[in-house]
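Work through the exercises below with the structure open beside you, and try each task before you read its solution.

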Amino acid sequence: MAQTITPPNEMLATLGLQRIVSMTGGRSRMEFLAGMHMCHSGGVVQGGFVSGWIDAAMAHAILGLHHERGDFDVSPISLELKISFFAPARPGLLVAEGWIEQGGRSTCFAEGHLLDTSGKVLAKGTSTIRLMSNAKIEAASRAAIG
């Protein structure tokens, strides 16, 4: 049975993306709306959503820089992701920021954090990211899902 590949915009909608504030100069800022459906006990956002928001911000920092250079054939693929949680994320508007700490032609090292609307850091993340061709990633995805 053939499956369809979910477009990135649908994935970001699932994560509660409200808007991409900026993605220039190797930095990004994105706003996400956390809902109660993303929470576990006590109204605390599940850590996978927090990780996803920071991961998305780091990826968009890379995408923004490559788009500025006219390179639209790049997919940032996380090789390693580490998230440290400092305080619980609660339902409401949250801000994820990402930046490139060091980048090369095929591998980047990125960092990011999640903030509440008062600017309090709720979590921080680091990632090692492989840069691959969109066409190569899409072909591999189609082959994997039949």
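This is a predicted model: local features need pLDDT of at least 70, side-chain atom pairs count only at pLDDT 80 or more; totals for chains, interfaces and linings use all residues.

**Exercise 1: Two charged pairs**

The side chains of Glu 31 and Arg 19 meet in a salt bridge, with 2.8 Å from N to O.

Solution. Residues are numbered from 1 along each chain as its sequence is written, and side-chain values use heavy atoms, with hydrogens and water left out.

Step 1. Recall the term: a salt bridge is a side-chain nitrogen of Lys or Arg within 4 Å of a carboxyl oxygen of Asp or Glu. Side chains of opposite charge can pair when their charged atoms come close.

Step 2. Glu 31 belongs to strand β2 (residues 27-34) and Arg 19 to strand β1 (residues 17-24), and the two are 12 residues apart. Helices (H or I, at least four residues) and strands (E, at least two) are DSSP runs, numbered from the N terminus.

Step 3. Buried means under 20% relative accessible area, exposed over 50%, and partly exposed in between, with a 1.4 Å probe and protein chains only.

Now find how many salt bridges the whole structure has, and describe the pair formed by Glu 97 and Arg 29.

Solution. Step 1. A search of the whole structure finds 2 salt bridges.

Step 1. In the pair of Glu 97 and Arg 29, the closest N and O atoms are 2.3 Å apart.

Step 2. Glu 97 counts as buried because its relative accessibility is 15%, while Arg 29, with 30%, counts as partly exposed.

**Exercise 2: Two residues and their contacts**

Which residues does Trp 53 touch, not counting those up to four places away in sequence?

Solution. Step 1. Trp 53 lies in helix α2 (residues 47-68), and its relative accessible area of 0% makes it buried.

Step 1. Contact means heavy atoms within 4.5 Å. With residues up to four places away in sequence not counted, Trp 53 touches Leu 15, Phe 32, Ala 34, Met 38, Val 45, Leu 94, Ala 96 and Leu 114.

Carry out the corresponding search for Ile 100.

Solution. Step 1. Ile 100 is found in strand β6.

Step 1. Leaving aside its neighbours within four places in sequence, Ile 100 is in contact with Gly 26, Ala 61, Ile 62, Leu 65, Phe 109 and Ala 110.

Step 2. Turn to a separation: Ile 100 and Gly 35, which are 65 residues apart in sequence, lie 29 Å apart in space, C-alpha to C-alpha.

**Exercise 3: The whole chain**

In what order do the elements of the protein run from the N terminus on, and how does its radius of gyration relate to that of a compact globule?

Solution. Step 1. The protein has 3 helices and 8 strands, and from the N terminus on they run α-β-β-β-β-α-β-β-β-β-α.

Step 1. The radius of gyration is taken over C-alpha atoms, and the globule rule is 2.2 Å times the number of residues to the power 0.38. For 146 residues a compact globule would have a radius of gyration near 15 Å, and the protein, with 15 Å, agrees.

Step 2. Along its principal axes the C-alpha trace spans about 40 × 40 × 25 Å, and buried residues make up 39% of the 146 residues.
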